[in-house]
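Open the model in a viewer and keep the selection tool at hand. The stops below are meant to be taken in order.

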Amino acid sequence: MLTYAIKRIGLAVLILITVMLAMYAMVFLVPGDPASLALGPRATPELKAQLIARMGLDQPVWVQVWRFFANALHGNLGYDVWSRRPVLDQILQVFPNTLFLGAVALGWALVLGVALGCAAVVWRGTVVDAVLGILSVSMIAVPPFVIALYLLLIFAVWLGWLPAIGAGTPGDWASQFRAVLLPAFSIGITWVGYLARLVRASMLEVMGANHIRTARAFGLSELRIVTRYALRLAIIPTVAILAVGFGSILSSAVFVETVFSRPGIGTLVTSAVAKRNYPVVMGSVLFMTAFYLVVVTAADLLIARLDPRVRDVFRG
Amino acid sequence: MSSVAEALPASRRSGALHRLMRDRMGAMGAVLVAAFVAMALFAPWLAPYDPLKLDVMHKLMPPSLAHWAGTDQLGRDTLSRLIWGARTALGVAVSSIGLAGAIGIALGLVAGYGPRWLDMALVLVLDSLSSLPMIMFALAVITVLGPGKGTLILVIVLVSIPGYARLIRAQTLTLKNADFVQAERTMGAGPGRILARHILPNVVGPLVIVLSMDVPVVIMLEAGLSYLNLGVKPPEPSWGNILYDGYTSLRSQPALVIAAGVPLVLSTIGFTFLGEGLRDALDPRLKVGPR
């Protein structure tokens, strides 16, 4: 187990370094310098030189790369080109909002997705199963930010039940909860569909197992068999996919946060892209990639603990 | 042995089409996709107005007989813009997925058939690329290159390559030592001939299914990034920037945002249904779990 853990974590670190090197390579392969791109038509030679120095672009490439990694290890992701605030401060300030949004979205997706998956198995082969099948594929297909726009129109603009913008008042849980409902619903809906299908498929595989047959022979109801015995085994692949799910939920958050003007990592990075604010974009990408890798690696290790066969695959 | 499609007798192939049509979801998807493609191809004849023609006297009109889906804040006809938006979406989807598929095939074949060190290096790069949160990577590329249709296509190509290359690589690895490939090698065929004549035809089938299932993802990404004003630039009509126009006039004219979402929702659902149907009809092995 320990060897597996070390290998898995080593791989994650290696990937993170490759990613950062690739991003640096990209900046230098592009024609034109980032400073004049960021300044646009306002660029005077003085302003440009100032900005280049502030971005550290006057140093040789390898010095820049080395500095970036050394600073990142010390928790310094550079400074905002325009406001000169530390990038990490800005990220940490809004990240809890995104994390909360992701957790609520995944939470309701998990509850409803598992419930729908179970329902499809209990009534398999009937109309219920067929309708749930079409419903889950549709949920997967529809873009979350379009759902977000429709929900915004119906519940915030027309009915006025829920706030249209923002993340609620800090410290006021009720307002924060009201503000998270619509964005979390829009983001989670894709995963209701995914999880319903996944739970259904992995449960149907389990349904043939011996202990299920025994339970049935004892005369237990189908509902009880599904929820008490089959679900326990079928949940393992769900854990694996949930980690990936968290990554994709963060991706949808970029769009949905913008729809609801909700402070978060998505709104932070999209506004930085529009302003060509390199340090903020690079810092956020590094932060999110690292966060994502931690989640995925943790999930892999958890699965390896739950299912020893996984470890052997890696060894071979 | 040649490609799967050729190996099947004609009756089996039409059987696949028959199966697709009998599958209610697949048939519905096929109809929606056909409508979308027709809209994209015949946009100049279908659109009642010029999608760029301003008419500020009639801005933000509700749906009427003259403007079936109303007008936007510059008085442009929404229906015409949505029809031309289909062309933008299809153009981006076809060019980016086609390019990514071609590069993915090349890299996958090289990784699977080439020397081991090259394989390991390629796998590390591909794994790194695919372990990035896709949108974050896309945003980084857009920051560097500046938003636009070309950047958008490049971004989609870059994020799609790893998946395709890994699929091709895995299949190449299993075919590499298959009897018919070894026989060919013994007879003196070079790697070029083996890859092009024997391995490629056998690995392309599953890739086509995966490619078709990625179309809705690309359409969604194009619309999403254009919505953020980081994709297709206005005034060129894209469903994403029409949705953004609708968002800015959400309170004064909700018809715009409602109308702009419809083709996007219908086409992503259509492509997803069709992709699922195609997969079930052509290659049941790729299906996740029993039905």
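**Stop 1: chain A, coloured by confidence**

The model is predicted, and chain A has a mean pLDDT of 82, with 91% of its residues at 70 or more. Colour chain A by pLDDT and select residues 308–315: this is helix α13(A), where confidence in the chain is lowest, at a mean of 55. Then select residues 144–158, helix α7(A), where confidence is highest, at 91.

Switch to a cartoon view. Chain A has 13 helices and zero strands. Its C-alpha atoms fill a box of roughly 85 × 60 × 35 Å along the principal axes. Of the 316 residues of chain A, 38% count as buried. Among chain A contacts between residues at least 6 apart in sequence, 71% join residues at least 24 apart.

**Stop 2: the two domains of chain A**

Select residues 2–73 and 87–315 of chain A in two colours; the domain assignment gives these as domain 1 and domain 2. Their C-alpha centres lie 32 Å apart. Where they meet, 16 residues of domain 1 are in contact with 15 residues of domain 2.

Which elements supply the domain 1 side of this contact, with at least two residues each? Select α1 (2–29) and α2 (34–39) of chain A. Helix α1(A) gives the most to that side, with eleven residues. By class, the domain 1 side has 14 nonpolar, no polar and two charged residues.

**Stop 3**

Centre the view on Ala148(A). Which residues does it contact, once its neighbours within four places in sequence are left aside? Show Leu182(A), Pro183(A) and Ser186(A), and then Val256(A), Val259(A) and Phe260(A).

**Stop 4: a loop residue with positive phi**

Move to Ser261(A), in the loop between α10 (222–259) and α11 (265–274) of chain A. Its phi is near 40°, a positive value in a residue other than glycine. Is Ser261(A) buried or exposed? Ser261(A) counts as exposed because it has 12 C-beta neighbours inside 10 Å, and a residue is exposed at 12 or fewer.

**Stop 5: where chain B touches chain A**

Show both chains. Here 43 residues of chain B are in contact with 43 residues of chain A. On the chain B side, select α6 (116–131), α7 (134–145), α10 (191–227), α11 (239–248) and α12 (254–282), the elements that give two or more residues to it. This side of chain B has 31 nonpolar, nine polar and three charged residues.

**Stop 6: helix α5 of chain B**

Select residues 78–113 of chain B, which form helix α5(B). The helix has 36 residues and reaches 51 Å from its first C-alpha to its last, close to the 52 Å expected at 1.5 Å a residue. Of these 36 residues, 26 are buried, so α5(B) is largely enclosed by the rest of the structure.

**Stop 7: Ser160 of chain B**

Next select Ser160(B), in helix α8 (residues 149–176) of chain B. Ser160(B) counts as buried because it has 26 C-beta neighbours inside 10 Å, where 20 or more are needed. Not counting residues up to four places away in sequence, Ser160(B) touches Ile97(B), Ala100(B) and Asp214(B). For a distance to check in the viewer, take the C-alpha atoms of Ser160(B) and Leu207(B): they are separated by 12 Å, with the two residues 47 apart along the chain.

**Stop 8: the loop between α10 and α11 of chain B**

End on this loop, which holds two backbone features. Select Asn229(B), which is placed in the loop. Phi of Asn229(B) is near 65°, a positive value in a residue other than glycine. With 17 other C-beta atoms within 10 Å, Asn229(B) is partly exposed.

Further along, select Pro235(B), also found in the loop between α10 and α11 of chain B. A cis peptide bond joins Pro234(B) and Pro235(B), with omega at about 10°.

Methods
Residues are numbered from 1 along each chain as its sequence is written. Chains are lettered from A and ligands numbered from 1 in the order in which they are written. This is a predicted model: local features need pLDDT of at least 70, side-chain atom pairs count only at pLDDT 80 or more; totals for chains, interfaces and linings use all residues. Two residues are in contact if their C-beta atoms, placed from the backbone, lie within 7 Å. Helices (H or I, at least four residues) and strands (E, at least two) are DSSP runs, numbered from the N terminus. The expected span of a helix is 1.5 Å times one less than its number of residues. Domain bounds come from an automatic or database domain assignment. Ala, Val, Leu, Ile, Met, Phe, Trp, Tyr, Cys and Pro count as nonpolar, Asp, Glu, Lys and Arg as charged, and the others, Gly among them, as polar. pLDDT is the predictor's confidence in each residue, from 0 to 100.
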